[in-house]
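Here are my comments on the model, point by point. Please read them with the coordinates open.

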Amino acid sequence: MSIQQQNTDANNGSGSGSCLYDLLCADPSTSWNCHQRDGHASSSGPKGKLKNLMCQSGNGICADCGSSDPKWVSLSLGVFICIKCSGVHRSLGVHISKVLSVNLDEWTDEQVDTLVDLGGNDAANLKYEACIPDNLRKPKPDSSIEERSDYIRRKYELHQFLPSDELLSCPYPYPGFCSSSSRCGNSCGSALDKKHSEKQTAGGHRIHGLGQAFRNSWRRKESEHKATKKSNSLAGMIEFVGLIKVNVVRGTNLAVRDIVTSDPYVILSLGHQSVKTRVIKNNLNPVWNEQLMLSIPQTIPPLKMLVYDKDTFKPDDFMGDAEIDIQPLVSAAKASEISSIREPMQLGSWVASKDNTLVRDGIITFVDGKVKQEISLRLQNVEKGTLDIELECVPLTQ
């Protein structure tokens, strides 16, 4: 990918564009040097109510490590969290923790009301940190990613610190769990005995499947679930330098996999992380307009996209893949953050050629304080199909 200086503000001359371009070419250190750009939300509406909620007791620090001024929220758990802890929360999966940005995401009244009903950080910690053992320390703002990951998984995924009246649902604890409180240990012991008894009963009454095709599909999905869980666990142990928002816009002229049509969806992966879009039924030109977010690790891997056709009783059919080098976009975002230039401009481009899969040039732009890139790609290893996406690199401070 080539980085080109092209200032789109014709009245600005070459000075400001050159300044930003020089910073971009210098490629400064991988740590983000950012200036806060808080939006000016009104006191009414979802964003206004959200800002008011952030001012309540306990919500001004991260629920998991105590960092000040958290800018991320776990909507499903009802807690405000910092950027570093949000990476671990995302690795848990949306079935446990659905992470949203206070500033970057569009909030609805219903979402804010849900957050209010859950009670915020104080209420959540009264529940999820009710029984922390003496030999375990809560992470601090300067704790390592390994410490955060271990604690957050114990807290929200394994439910190891729940109060005694809720421990019947807790999984297998580590040795010495809640040693400081015998009531916690007794409750967990009862839960384990009950779980063991249920497993023995279920083992004596095996149910036959609905045919070889269904069994194969079930085994495949179980294998995928285990692989995803392992991958997410690894993702929670990696230090991140930023976030990338991916808007999967549309697919065009995709391959047929179900006689005359397909049920396509897209999987995005970045290192050990993966997310996917919804399935669109019976459509070879699907429009998702679905925004997904991934954390950017210090060693930046390519962003991979895989398109599949959803099937019920057999493995999903492959419909092509593509790959994007996001390093130039990240470099452009770093340069823009340490620059005083705020006029809209073009920062660079990925030029379409016979040596790559671009349908047209992928332009990196700086508009409204955001560094974005629109890309249209021909899918590979398949007979036909293109995929349109929009990328935005997000600094850690947002």
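1. Leucine 126 is exposed, with a relative accessible area of 67%. This residue belongs to helix H5, which spans residues 120-128. The model is a predicted one, and the value for leucine 126 should be read as computed from that model. Phenylalanine 161 lies 35 residues from leucine 126 in sequence, and their C-alpha atoms are 9.8 Å apart.

2. Leucine 270 is a case at the other end of the scale: its relative accessibility is 1%, so it counts as buried, the cut-off being under 20%. Leucine 270 is part of strand E5. Setting aside residues up to four places away in sequence, leucine 270 touches Ile244, Leu294, Ser295, Ile296, Pro297, Pro301, Pro302, Leu303 and Ile326. Between leucine 270 and isoleucine 300, which are 30 residues apart in sequence, the C-alpha distance is 8.3 Å.

3. Some totals for context. The protein has nine helices and 13 strands. Of its 398 residues, 46% are buried. Its accessible surface is about 19900 Å², and carbon and sulfur atoms account for 51% of that. Taking contacts between residues at least 6 apart in sequence, 62% join residues at least 24 apart.

4. The buried residues are Pro328, Leu329, Val330, Ser331, Ala332, Ala333, Lys334, Ala335, Ser336 and Glu337. The charged residues Lys334 and Glu337 are included in that list.

5. Helices H2 (residues 45-54) and H4 (residues 109-118) have axes that come within 9 Å and cross at roughly 20°. H2 is therefore roughly parallel to H4, as the angle is under 35 degrees. The crossing of H2 past H4 is left-handed. On the H2 side the contact is made by Gly45, Pro46, Lys49, Leu50 and Leu53, and on the H4 side by Asp109, Val112, Asp113, Leu115 and Val116. These residues divide into six nonpolar, one polar and three charged. An α-helix has 3.6 residues a turn, so residues three or four places apart point the same way. The contact residues of H2 include Pro46, Lys49, Leu50 and Leu53, and those of H4 include Asp109, Val112, Asp113 and Val116.

6. What angle do the axes of helices H3 and H6 make where they cross? The axes of H3 (residues 83-92) and H6 (residues 145-157) cross at roughly 50° and come within 10 Å. That angle makes H3 oblique to H6. The crossing is right-handed. From H3, the residues that meet H6 are Lys84, Cys85, Val88, His89, Ser91 and Leu92. Their partners in H6 are Ile145, Arg148, Ser149, Ile152, Arg153, Tyr156 and Glu157. By type, the contact of H3 with H6 has six nonpolar, three polar and four charged residues.

7. Isoleucine 259 has a positive phi, near 70°. Isoleucine 259 sits in the loop between strand E4 (240-252) and strand E5 (264-270). Its relative accessibility is 82%, so isoleucine 259 counts as exposed, the cut-off being over 50%. Asparagine 289 also has a positive phi, near 45°. Asparagine 289 is located in strand E7 (residues 287-297), and its relative accessible area of 52% makes it exposed.

8. Valine 359 belongs to the loop between strand E10 (345-350) and strand E11 (362-367). Is valine 359 buried, partly exposed or exposed? Its relative accessible area is 39%, so valine 359 is partly exposed. Apart from neighbours within four places in sequence, valine 359 is in contact with Ala352, Ser376, Leu377, Arg378 and Thr386. Leucine 387, 28 residues away along the chain, has its C-alpha atom 9.4 Å from that of valine 359.

Note on methods
Residues numbered from 1 in each chain as written. Predicted model: local features only at pLDDT ≥ 70, side-chain atom pairs only at ≥ 80, totals over all residues. Heavy atoms only, no water. Helix = DSSP H or I, 4+ residues; strand = E, 2+ residues; numbered from the N terminus. Buried < 20%, exposed > 50% of the residue type's maximum accessible area, 1.4 Å probe, protein only. Contact = heavy atoms within 4.5 Å. Areas by Shrake-Rupley, 256 points an atom, 1.4 Å probe, with all protein chains shown as cover. Axes fitted to C-alpha atoms, helices over the stretch in contact; angles between N-to-C directions. Parallel < 35°, antiparallel > 145°, perpendicular 65-115°, else oblique. Left-handed = near helix turned anticlockwise from the far one by under 90°.
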